[in-house]
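Colleague: Could you walk me through how to read the features of a model like the one below?

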Amino acid sequence: MNLSLLSAPFTRSDSQVQGIMAAVMLALVPATVFGVVIFGWPAFFLWTVTVLSALVFEAACLALAGKPVNAILRDGSAMLSGWLVAMTLPPWAPWWIGVVGAGIAIVVGKQVFGGLGQNPFNPAMLARVALLVAFPLEMTTWTLPSLPFSSSAPGLFDSLAITFAGAPAVDGMTGPTLIGNWKTELSQGRGLSESLISGHYNVLAAILGWKAGSLGETSSLLVVVGGLWLLKKKIISWHIPLSLLTTVALSASVFALIDGERYAGPVFHLTSGAVMLAAFFIATDYVTSPSSPAGQLIFGAGCGLFIFVIRTWGAYPEGAGFSVLLMNALTPVIDHYVRPRIYGRDLKGRPLDLPGGRR
Amino acid sequence: MAALSFFPFGTSGRIRGGVHPEPRKESTADRPIETAFPLPERLYLSLQQHAGQPAEPVVRVGEKVLRGQLLAAGQGAISAPVHAPTSGVVTDILEYPAAHPSALPTPTLLLEPDGENRWIETCELADPFSLPPEEISTRVGAAGVVGMGGAAFPSAVKLNLGRKTRIQTLLINGGECEPYLTCDDRLMRERAADVVDGILIMLHGLECNQAIVGIEDNKPEAFAAMSAAAAPYGGKVQVQQVPSLYPMGWDKQLIRYFTGKEVPAGGRSADIGVLMHNVATAYAVQQAVRFGRPLVSRIVTVSGSAVSAPRNVEAPIGTLLADLLAFCGHRPEDTASYVMGGPMMGDFLPHPRVPLVKGACGILALSRQEVAASDAKACIRCARCVSACPAGLLPLEMMARIRAGQLESALGYGLKDCISCGSCSYVCPSEIPLVHYFKYASGELVAREQTKHRTEQTKRLAEERQARFERQKREQAALAAQRKAQAQRKTEEAA
């Protein structure tokens with residue numbers, strides 16, 4: 001017999017795993033649609049391939065493990081993982097990047113640990129970082145945005161060729177990302193004011209997302225819109241996004257004040273790369289982040305700090321993936337040491353003193 | 001995560017955790033208390049309807065009794081007597097299923113009403129405040145009053161405890177935060193003066209000068225009625241609104257809300273100078289002390305979508321719940337779960353042929369849709385349970401450990417501090433019956449403790465027995481030696 005008929009509470013909120021996953025995907029829609037619009041059909045094909053392969057990998061793993069395939073597939077977590085992987089890929093990456101990414105996320109990132117809720121690392125970030133290390137060329141070939149149906153936007157058949165036949169991108173359609181550009185310039189000894197960025201970087205375009213970058217993360221604005229909606233729906237709490245963004249902004253401000261030629265300011269950091277996506281959609285992953293509010297503040301701050309450090313001094317241009325994975329590894333430690341205070345007890349779990357100092 | 005986790009360390013906020021279950025109070029809140037409930041053919045008076053020792057019968061089978069007459073006396077330090085809810089004949093004393101999930105038979109006294117409903121001689125007190133304060137708890141105890149909010153702890157024991165520790169504030173719980181339940185709401189609306197009188201009597205008994213009545217802000221009529229009733233007594237009885245939030249009626253939550261203080265773990269609220277009683281208890285105290293009427297009936301909410309005329313009924317203790325439900329238009333075929341109490345903390349009942357007890361504030365016949373039953377899914381660590389927990393525990397961690405069989409390690413996350421309020425299970429999107437795990441683990445740990453204790457005791461007894469045997473053997477040997485020596489001496493003397 002069903003337990004909920006026998007055991008209190010006999011009433012339940014209507015929140016369900018499925019609904020949560022659906023809400024997160026809905027929040028991803030604006031940024032995704034924008035990415036597809038400015039990067040054209042290849043972006044759409046890549047997104048489709050990645051999401052579908054995530055579902056196939058999940059189904060295969062569940063079938064192998066003898067679990068109910070249909071019931072679990074319907075929780076939406078595999079689709080969400082696939083979607084998040086797609087968000088972080090270069091929009092014109094070949095189809096197999098999407099398949100391999102989805103495979104790493106679902107098989108290595110999630111199912112080998114026992115499925116939903118058991119994985120220590122964020123599956124999407126694990127996939128992204130693995131792809132970046134294994135296929136650096138494909139993972140750093142960026143496409144410049146173009147208006148839909150403009151002459152530079154590829155047609156349907158050209159797009160099929162780009163995604164599925166490995167056709168090289170047309171010259172003039174590729175370009176570096178802002179962070180990549182900044183790092184190259186710095187390595188060649190040029191400061192911020194004389195580098196390409198000074199002419200290249202436009203705050204408005206950066207916020208809106210009119211720039212080269214991953215499929216779904218270029219538009220900070222639309223990512224934030226989705227994230228704020230998730231906050232309003234109480235799907236995510238404010239702790240991780242706030243502490244992550246504050247830490248990035250603070251560290252960027254401090255170093256920009258010390259040396260404005262070498263270090264980019266907070267606006268640049270907040271509007272470029274995957275910071276916003278990480279703050280609202282990646283670091284907030286329930287499974288791999290701490291469960292206490294205080295722990296979440298620490299986790300977010302750690303992510304923010306690592307993002308800034310890796311971007312500024314690391315070998316890779318973008319730090320979000322590595323930062324989230326690093327902090328994922330620390331989550332059990334944070335959860336062990338940072339716990340809510342129990343009613344009637346102090347932070348160490350000892351009973352509070354009685355009036356008169358008795359314990 | 002809920003916005004209520006705003007204070008990350010949970011120290012600055014006066015309310016922590018909590019959930020907002022759908023109130024579902026509308027069907028009963030606007031109907032006056034039904035007092036015309038017909039006397040059932042037979043009343044089943046459980047002798048164990050309070051925390052502590054069961055009561056001991058003082059009447060014989062076949063004896064005629066009057067309403068309010070003592071049927072069974074309290075036993076030991078924590079117990080409460082049971083009185084006759086109406087006049088009639090005691091027809092049997094037997095084992096009958098209790099209003100408990102197990103429905104295990106408990107000693108029960110059967111009473112057949114004679115229909116006259118004649119009271120014993122009760123003496124009304126013109127001025128209960130002229131009684132010596134310690135007399136109040138004596139009378140409350142003799143009237144069999146127990147906590148009416150569900151815990152059924154003997155009220156006199158609590159009042160005596162309060163007298164010992166110098167109570168500064170008497171908190172009166174009019175929160176009624178459980179869904180469906182409206183019996184306290186109706187009581188406050190319809191009998192506010194009596195409730196306030198009961199509060200004043202308790203204040204007198206405690207020699208305390210301040211009572212705060214906390215009423216949830218979704219009960220404006222009750223708040224108005226109680227405020228008006230309390231107004232003549234200056235600041236002695238303050239009626240205040242509290243946010244509608246479950247579990248606002250948890251004594252420790254209300255204490256933190258009103259005093260900002262926390263009851264230390266392992267301590268009692270009296271340790272920090274606070275005592276809490278329910279509004280319905282205050283009413284029962286007034287009836288007992290002012291009118292000399294023992295607790296023989298109670299107001300109970302009968303609700304759930306499997307009854308067609310949900311309402312609050314003032315019913316005699318010992319009424320079969322099935323009779324009460326039938327009175328309210330019960331449809332057994334639509335019932336998925338019978339619940340005694342509220343849906344958040346109430347007890348499942350396997351069938352409704354069990355008697356009404358003093359602590360029952362609600363009888364619910366819930367349909368399958370209302371229970372929203374479905375299977376548990378994997379935990380996604382969303383931490384909604386953490387935000388919802390009013391006690392600051394980590395339900396997801398405790399659950400994971402209990403599942404892995406590491407009950408001891410669940411203790412480290414506060415298993416013993418869990419109040420089983422059900423907030424965590426309520427919000428869990430994976431529909432994991434968290435409270436069920438915690439109750440199981442607590443029970444299992446107690447059982448292990450007892451087994452360990454028993455094993456040790458057996459071992460000790462065996463050792464003592466062994467020692468006794470050896471001692472006896474030695475003594476016998478000594479005796480035998482003595483006799484032998486004596487016999488030898490005698491032979492020598494004779495020789």
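Modeller: Gladly! Let's begin with strand pairing: two strands count as paired if DSSP finds at least two bridges between them. The strands, and the helices too, are DSSP runs numbered from the N terminus, where a helix (H or I) has at least four residues and a strand (E) at least two. This is a predicted model, so local features need pLDDT of at least 70 and side-chain atom pairs count only at pLDDT 80 or more, while totals for chains, interfaces and linings use all residues. Residues are numbered from 1 along each chain as its sequence is written, chains are lettered from A and ligands numbered from 1 in the order in which they are written, and side-chain values use heavy atoms, leaving out hydrogens and water.

Colleague: In which sense does S16(B) pair with strand S12 of chain B?

Modeller: Strand S12 (residues 297-303) of chain B and S16(B) run parallel, with three bridges between them. Here Val302(B) is placed opposite Ile363(B) of S16(B). With strand S14 (residues 337-340) of chain B, the pairing of S16(B) is antiparallel, over four bridges. Look there for Ala365(B) in S16(B), the bridge partner of Tyr338(B).

Colleague: Which residues of S16(B) point one way, and which the other?

Modeller: In a regular strand, side chains alternate between the two faces of the sheet. From S16(B), Gly362(B), Leu364(B) and Leu366(B) point one way, while Ile363(B) and Ala365(B) point the other way. Five of the five residues in strand S16 (residues 362-366) of chain B are buried. For the cut-offs, buried means under 20% relative accessible area, exposed means over 50%, and partly exposed lies in between (1.4 Å probe, protein chains only).

Colleague: What is the order of the strands in the open sheet of chain B?

Modeller: Four strands line up as S1-S7-S6-S3 (chain B), with antiparallel pairing. Strand S1 (43-46) and strand S3 (64-65) of chain B are the edges, each pairing on one side only. S1(B) joins strand S7 (residues 105-113) of chain B through four bridges, and Ser46(B) faces Thr108(B) in S7(B).

Colleague: Let's turn to rings. How many aromatic pairs does the structure hold?

Modeller: A pair of aromatic rings is described by the distance of the centres and the angle of the planes. Rings of Phe, Tyr and Trp (its six-membered ring) pair if their centres lie within 6.5 Å; planes under 30 degrees apart are stacked, over 60 edge-to-face, and the rest tilted. Over all chains there are 17 such pairs. One of them, Phe255(A) with Trp313(A), is edge-to-face, at 5.2 Å between centres and 75° between planes. This pair links distant parts of the chain, 58 residues apart: Phe255(A) belongs to helix H13 (residues 239-258) of chain A and Trp313(A) to helix H16 (residues 293-313) of chain A. Phe255(A) is partly exposed at 25% relative accessible area, and Trp313(A) is also partly exposed, at 44%. Elsewhere, ring pairs join Trp41(A), Phe44(A), Phe45(A), Trp47(A), Trp83(A) and Phe164(A) into a cluster.

Colleague: Which ring does Arg339(A) lie over?

Modeller: A charge sits over a ring if NZ of Lys or CZ of Arg is within 6 Å of the ring centre and within 35 degrees of the ring normal. Arg339(A) lies over the face of Tyr413(B), 4.0 Å from the ring centre. Within chain A, Arg262(A) is over the face of Tyr263(A), at 5.7 Å.

Colleague: Which residues does the UniProt annotation "binding site" cover?

Modeller: The unreviewed UniProt entry gives Cys379(B), Cys382(B), Cys385(B) and Cys428(B). They are spread over 50 residues of sequence yet cluster in space, with a largest C-alpha distance of 10.7 Å. UniProt positions are given in the numbering used here, feature names are shortened, and annotations may be inferred rather than shown by experiment.

Colleague: What does Cys379(B) touch?

Modeller: Contact means heavy atoms within 4.5 Å. Beyond residues up to four places away in sequence, Cys379(B) touches residues including Leu116(A), Gly117(A) and Met399(B). Cys379(B) sits in the loop between helix H10 (368-371) and helix H11 (384-388) of chain B. Cys385(B) is in helix H11 of chain B, and is buried at 7% relative accessibility.

Colleague: How many residues does helix H15 of chain B have?

Modeller: The expected span of a helix is 1.5 Å times one less than its number of residues. Helix H15 (residues 434-494) of chain B has 61 residues and reaches 88 Å from its first C-alpha to its last, close to the 90 Å expected. Buried residues in H15(B) include Leu434(B), Tyr437(B) and Phe438(B).
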